[in-house]
Amino acid sequence: MGGIAALIVAAGRGERAGTAMPKQYRPLAGRSILRRAVEAFERHPDISMVQVVIGASDHEDYQAATKGLDLLPTLAGGHSRQHSVLHGLQALTAKRPDFVLIHDAARPLVSRALIDRVIGALPDADAAVPLLPVSDTLKKLIDGKWTTVPRDGLNRAQTPQGFRFDAIVKAHREFAGHDMTDDMALAELAGLKIVGVQGEENNMKITTPDDFARAEALLGGGETRTGFGFDAHRFAAGDHIWLCGVKLPHDKSLEGHSDADAGLHALTDAILGAIGAGDIGQHFSPDDERWRGASSDKFLAHAAKLVSEAGGAIVHCDVTLICERPKIAPHREAMRARIAEILGLEVSRVSVKATTTEGMGFAGRGEGLAAQAIATIRF
């Protein structure tokens with residue numbers, strides 16, 4: 001078939017990024033990190049095919065992040081980056097590209113100009129790598145003493161790294177198990193002819209929360225939206241209630257078509273409101289028998305999925321429960337933890353509070369309870 005293929009490596013977990021989900025699926029100024037990286041190659045006129053390698057459990061997140069893009073069927077990566085790349089190269093073998101550009105999904109700001117430079121260097125070499133000179137003074141701890149390392153000739157390697165396809169496939173197979181951190185190291189072991197091209201400072205690898213902040217600043221920072229939700233349910237005969245995903249013993253239950261979890265219902269509406277997606281009744285009609293007695297975590301998870309598909313990220317939510325009884329304080333931390341689990345957030349990004357109406361109104365008379373919620377979403 002020939003042409004130039006792009007292989008995007010997105011199988012890592014990104015634990016240093018400080019997010020509950022793998023960092024490549026986190027939105028960055030409106031679009032996920034992975035989508036930004038993939039789009040740079042999918043839209044490039046010289047790239048004829050794009051193969052993405054993902055984590056074995058990330059299929060649903062991947063589908064949401066790449067919706068509408070023209071990509072080869074995805075495949076699961078291996079136990080290391082090198083193993084994942086080999087999986088991708090083997091999948092591309094049937095397509096027989098002349099060249100392949102291998103790129104880390106954690107570099108979402110790769111420019112067309114940089115891709116052009118890598119492609120332009122390949123006809124005269126086996127491999128091409130973007131490089132940036134080291135500008136900081138380097139120190140190394142040797143036997144408990146700090147030593148200055150001369151920086152002359154030292155460079156930082158970036159991706160995409162380009163290769164003659166047959167040559168890099170052979171190198172990966174020959175040196176499988178060496179567990180190198182980039183593909184150029186395998187090209188070096190194989191004795192391939194390598195040329196360097198000018199890298200770009202903005203082609204940063206997102207690793208830490210500070211990297212996210214810098215990348216968002218480079219992209220203009222995105223926007224923040226807020227949604228508000230409110231729900232109320234009447235008490236009925238029973239021996240427990242559900243609030244914010246937690247089962248509480250009580251001398252009554254809450255009346256409703258589902259489990260009547262007012263806290264999760266209010267939060268679901270807040271999230272739907274922030275993305276302009278209507279309300280909970282439009283997505284889960286009380287006239288639909290499928291939702292009779294349903295656990296409200298399904299509703300909240302659905303709203304979170306819609307946020308992801310819209311290119312947003314829930315950054316904070318705040319629920320206020322309004323009731324005389326039951327007492328909320330003993331269950332507050334369990335409620336925060338459950339909401340955080342459903343939404344894939346850190347617990348520090350979830351607030352649950354309670355108040356009374358000082359005996360006034362339906363809540364004050366013990367006829368029922370209410371909840372209001374605010375959700376903050378960044379795009």
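1. Helix 8 (residues 262-274) and helix 11 (residues 332-343) have axes that come within 13 Å and cross at roughly 40°. The axes are lines fitted to C-alpha atoms, for helices over the stretch in contact, with angles running from 0 to 180 degrees between N-to-C directions. Helices (H or I, at least four residues) and strands (E, at least two) are DSSP runs, numbered from the N terminus.

2. The model is predicted: local features need pLDDT of at least 70 and side-chain atom pairs count only at pLDDT 80 or more, whereas totals for chains, interfaces and linings use all residues. Residues are numbered from 1 along each chain as its sequence is written, and side-chain values use heavy atoms, with hydrogens and water left out.

3. Helix 8 and helix 11 are therefore oblique to each other; angles under 35 degrees count as roughly parallel, over 145 as roughly antiparallel, 65 to 115 as roughly perpendicular and the rest as oblique. Helix 8 passes helix 11 in a right-handed crossing, the near helix being turned clockwise from the far one by less than a right angle. On the side of helix 8, Leu-264, Leu-267 and Ile-271 meet Ile-339, Ile-342 and Leu-343 of helix 11 (contact: heavy atoms within 4.5 Å).

4. Strand 7 (residues 127-133) has 5 of its 7 residues buried and is mostly covered. Buried means under 20% relative accessible area, exposed over 50% and partly exposed in between, with a 1.4 Å probe and protein chains only.

5. Strand 7 pairs with strand 12 (residues 194-198) in the parallel sense over 5 bridges, and Pro-130 has Val-197 of strand 12 as its bridge partner. Two strands pair if DSSP finds at least two bridges between them.

6. Two antiparallel pairings also involve strand 7. With strand 11 (residues 161-164) there are 2 bridges, and Ala-128 stands opposite Gly-162. With strand 10 (residues 155-157) there are 3 bridges, and Leu-132 is partnered by Arg-156.

7. The model has 0 disulfides, a disulfide being a pair of cysteine sulfur atoms within 2.5 Å. The sulfur of Cys-244 is too far from its closest cysteine sulfur, that of Cys-317, for a bond, because 9.0 Å lies between them. Cys-317 is likewise in no disulfide. Cys-244 is buried at a relative accessible area of 0%, and Cys-317 counts as buried at 0% relative accessibility.
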